[in-house]
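Morning, everyone. I will show one model and talk through its inside.

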Amino acid sequence: MTEIAPDFDAFLRKWTAGRIGPLGDRTDPSDREYMIKQRAAELTTLAREAALSSALHNAAQSYGGVVGYVRFLYEIAESRELEINARAKRPPTSDS
C-alpha cells in the first residue's frame, strides 16, 4: 500500500489544484452541494481510471466517503482564502 501513496498524493494534488477553489459565501447551499457531489463523482471516476480507487477510498474513509472528502477539500480552500484575505487587511508592521 505504501507504493501507491506517492502516486496518489501527486494525482490528488494535481486534481485539487485544477478543480477545487473557494466557493465563497455567495454560493447557494444547494448549488454548493451539487458542485461537491459532481466533483466527488469526477474524482472517483478519475481515480478508477488511474487505478487509484483503493487509495481514494482509504483517504476518504475518515470523512464518510468521497463526497465528505471533497467537502473537506473545499473547506480547506475556503479557509486558506480567508487567511490570505485577513493577511492582506492587516496594517504593515514597522521594522524601524
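I will start with the core and then move to a pocket.

This is a predicted model, where local features need pLDDT of at least 70, side-chain atom pairs count only at pLDDT 80 or more, and totals for chains, interfaces and linings use all residues. Residues are numbered from 1 along each chain as its sequence is written, and side-chain values use heavy atoms, with hydrogens and water left out.

The largest nonpolar core has 20 residues. A nonpolar core is a set of buried Ala, Val, Leu, Ile, Met, Phe, Trp, Tyr and Cys residues joined through side-chain atoms within 4.5 Å; buried means under 20% relative accessible area, exposed over 50%, partly exposed in between, with a 1.4 Å probe and protein chains only. L43 and V70 touch the most other members. Helix α4 gives the most to this core, with 6 residues. Helices here are DSSP runs of H or I, at least four residues, numbered from the N terminus. Beyond its neighbours within four places in sequence, V70 is in contact (heavy atoms within 4.5 Å) with W15, I20, I36, R39, A40 and L43.

Now, E78, which also lies in helix α4. Is E78 buried or exposed? E78 counts as buried, because its relative accessibility is 19%. Setting aside residues up to four places away in sequence, E78 touches P22, L23, G24 and R32.

Those residues bring us to the pocket. On a 1 Å grid over the protein atoms alone, a pocket is an open set of points where a 1.4 Å probe fits, with protein on both sides within 12 Å along at least five of seven lines, and lining residues have an atom within 4 Å of a point. P22, L23, G24, R32 and E78 are among the residues that line the largest pocket.

Note on methods. Helix = DSSP H or I, 4+ residues; strand = E, 2+ residues; numbered from the N terminus.
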